[in-house]
Amino acid sequence: MVYILAILLPPLGLLVNGQLLSAIANLVMIVPCILLGLIFPLFFLLPSAHAVIAVHMKRTDRYQKELVEAIERHGPPPNWRP
């Protein structure tokens, strides 16, 4: 759901994901991308691409932190060899 929001409304998708600075940077990025998008249409996709990549990186970081915390709490998996 956050990914769809990041594609359609990039700053709002970033805010929902808890990334205030990325949302502000995305808002600043939208104005020149709209102007340049009139000449080069691929620039219209740049804010959405930024938002999707930022959301994915944040979610991956959260998952990795949860995984490390679970390993610290419960120990390594069975049959694990260093």
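Which helix gives the largest share of the nonpolar patch? Helix 3 does, with four residues.

This is a predicted model, in which local features need pLDDT of at least 70, side-chain atom pairs count only at pLDDT 80 or more, and totals for chains, interfaces and linings use all residues. Residues are numbered from 1 along each chain as its sequence is written, and side-chain values use heavy atoms, with hydrogens and water left out.

**The nonpolar patch**

The patch covers about 1100 Å² of surface. Its members are Ile4, Ile7, Leu8, Leu9, Leu12, Leu15, Val16, Leu20, Leu21, Ile24 and Val28. Patches take residues with over 30% relative accessible area and no salt bridge; like charges are joined within 9 Å, and nonpolar side chains (Val, Leu, Ile, Met, Phe, Trp, Tyr) within 5 Å. Areas come from the Shrake-Rupley method with a 1.4 Å probe, and for residues only the protein chains shown count as cover.

At least two patch residues come from each of helix 1 (2–8), helix 2 (10–16) and helix 3 (20–37). Helices here are DSSP runs (H or I, at least four residues), numbered from the N terminus.

Leu8 is exposed, at 64% relative accessible area. Ile7 is partly exposed, at 47%. The cut-offs are under 20% for buried, over 50% for exposed, and in between for partly exposed (1.4 Å probe, protein chains only).

Neighbours within four places aside, Ile7 is in contact with Ser48 and Val52. Contact means heavy atoms within 4.5 Å. Phe43 lies 36 residues from Ile7 along the chain, with 14 Å between their C-alpha atoms.

**The core**

Which residues build the largest nonpolar core? There are seven: Val2, Ala6, Leu14, Ala23, Ala51, Ala54 and Val55. Helix 1 and helix 4 are the elements that give two or more residues to this core. Helix 4 supplies the largest share, three residues. A nonpolar core is a set of buried Ala, Val, Leu, Ile, Met, Phe, Trp, Tyr and Cys residues joined through side-chain atoms within 4.5 Å. In soluble globular proteins, nonpolar side chains tend to be buried together.

Ala6 shows the packing in detail. With neighbours within four places in sequence left aside, Ala6 is in contact with Gly13, Ser48, Ala51, Val52 and Val55. Ala51 and Val55 are themselves core members.

**Polar residues inside**

Two asparagines are buried. Asn26, in helix 3, has a relative accessible area of 0%. Not counting residues up to four places away, Asn26 touches Pro10, Pro11, Leu14, Pro47, His50 and Ala51.

Asn17 lies in the loop between helix 2 and helix 3. Its relative accessibility is 3%, so Asn17 counts as buried. The Asn17 side chain makes a polar contact with the Gln19 side chain at 3.1 Å. A polar contact is a pair of N or O atoms within 3.5 Å; within protein, one must be able to donate a hydrogen and the other to accept it, and residues adjacent in sequence count only if both atoms are side-chain atoms. Beyond four places in sequence, Asn17 touches Val2, Val55, Lys58, Arg59 and Arg62.

Helix 3 also holds Ser22. Ser22 touches Leu14 and His50, residues up to four places away not counted.

**The salt bridge**

How many salt bridges are counted? The count is one. Asp61 and Lys65 form it through their side chains, at 3.7 Å from N to O. The rule asks for a side-chain nitrogen of Lys or Arg within 4 Å of a carboxyl oxygen of Asp or Glu.

Why are Asp61 and Lys65 about one helical turn apart? Because they are four residues apart in helix 4 (residues 46–74). Asp61 is partly exposed, at 35% relative accessible area. Lys65 is exposed, at 51%.

**Distances across the model**

Leu36 is found in helix 3 and is partly exposed, at 35% relative accessible area.

| Pair | Apart in sequence | C-alpha to C-alpha |
|---|---|---|
| Ser22 and Ile53 | 31 residues | 11 Å |
| Leu36 and Trp80 | 44 residues | 53 Å |
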